Amino acid sequence: MIQVLFRVWALLLGIVLIMLGNGMHFTLIGLRGGIEGFSSAELAIVTSGYFMGFLSGARLTPSLIRRVGHVRVFAALGSFMSAGLIAFPLVTEPWAWVLLRLLVGFCMSGIYVSAESWLNDATTNETRGKVLSVYMIAQTLGIIGAQGLLTLGDAGTSVLFICASILVSVSFAPILLSVSSVPAVEVARPMPLRSLFVSSPLGTVGIFLLGSVYATQSGMGAVFGSQIGLTANNIALFIAMLFAGALLMQYPIGWLSDRMDRRKLIFVASCVGGLSCALGWFTAGSPWALMVAAFFAGGVTTPLYALFLAYTNDSLSASDMSSASGGLVFTFGLGAIAGPLVTGWAMQEVGPFAFWLVLGVTFCAIALYAFYCMMQKSLAVPVAETESYLGVLPTASPVAVEAAGEWAADHAEAEREAKAEIEAEMEDHSNKRP
């Protein structure tokens, strides 16, 4: 394992730097948009623009790589992303920001596809799970660290946008200078949504709604903070708490996922998310209560993403997992586009605290549908037959999602075989007793 991490340390360092830059830009959009007087609806469209670009990049980047090469696509997307970040303060118009966010989202998705292809190529089935977990932790730490960097400058100037651009530009040096092999990029064609829904209704509906939750939290959280009068430092802390909760709650939820009916865990986690949003709604802007609400609301969001992936894989054959992963990523992207638009409209009509209202209603919808599915006894999968859980972030490309699904299936099968061998040995030992 140490040898594998030594081989990919430069890639992990590059990812942390990229996430520092991208995490800064996400929060900066809300901060600077508030300073420029953009409305909630306008910032919602800007936010959705990123996820539209991200979804397009996930579909088109593999074709680009096959045509012109891995390294060229990676370097070109990095250059465009860096240029896009530095252009935000130059043209402070909503329509221009939508176009720039489309560009940044497209580039970021392609960067994920490239980086995760290299990471997947550097691992084996035995090490892939641990390496992917380290990779996801590196991403989350990068986003949290980005919020700390925001406290070092003024969102009303160009300095922080320039810093974000520099971080992204520098991040490609350790990656491109250390990666020697050029892996093949083969992403399965996404399963049609109708087939995906038939295979796993809860997985399909749940991950669509969760896409709305994640995009609203990460894209509209800073807008909410700006509109209720939080300081820039408190807004940065608020966003950091969303991801800190995800980092700390991932393991316990994952541990429970392999030991109980996943539908029940999805129901409980969604209820925790809904109650957290109620806390945010009723505290009327108390900073510390908002931080607690953000910690738990964000804390269940990322684990729920991995739960829906694992739950869907439980219902599929090994041959269908890759295409289902692509379908789930696409479904999540659709929800991520819709969520900020609904939230922005609600905040425009009802007020900034509609941020919590929309999130709470969405969490409740997930919980209610999970409860409905729990009542369908025929859909239950015995815990012993489920696939292993691996904490995959919502930012992951189809490459990482497919790799995680393959690892989960192989790891679960290995565990079942090991358990069967132990039981056989115990039975044989028992039979030999006089």
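This note covers the aromatic rings of the structure.

1. The model is predicted: local features need pLDDT of at least 70, side-chain atom pairs count only at pLDDT 80 or more, and totals for chains, interfaces and linings use all residues. Residues are numbered from 1 along each chain as its sequence is written, and side-chain values use heavy atoms, with hydrogens and water left out.

2. Searching the whole structure gives 22 aromatic pairs. Rings of Phe, Tyr and Trp (its six-membered ring) pair if their centres lie within 6.5 Å; planes under 30 degrees apart are stacked, over 60 edge-to-face, and the rest tilted. One of the pairs is Phe224 with Trp356, edge-to-face at 6.0 Å centre to centre and 80° between the planes. Phe224 is in helix α8 (residues 201-227) and Trp356 in helix α13 (residues 354-374), 132 residues apart. Helices here are DSSP runs (H or I, at least four residues), numbered from the N terminus.

3. Trp356 also pairs with Phe238, edge-to-face, at 6.0 Å centre to centre and 90° between the planes. Phe238 lies in helix α9 (residues 232-257) and Trp356 in helix α13, so this pair ties together parts 118 residues apart in sequence.

4. Trp356 is buried at 2%. Phe238 is buried too, at 0%. Buried means under 20% relative accessible area (1.4 Å probe, protein chains only).

5. Elsewhere, ring pairs join Phe26, Tyr50, Phe51, Phe54 and Tyr112 in a cluster. Arg101 lies over the face of Phe26, 4.5 Å from the ring centre. For Arg, this requires CZ within 6 Å of the ring centre and within 35 degrees of the ring normal.

Methods. Helix = DSSP H or I, 4+ residues; strand = E, 2+ residues; numbered from the N terminus. Buried < 20%, exposed > 50% of the residue type's maximum accessible area, 1.4 Å probe, protein only.
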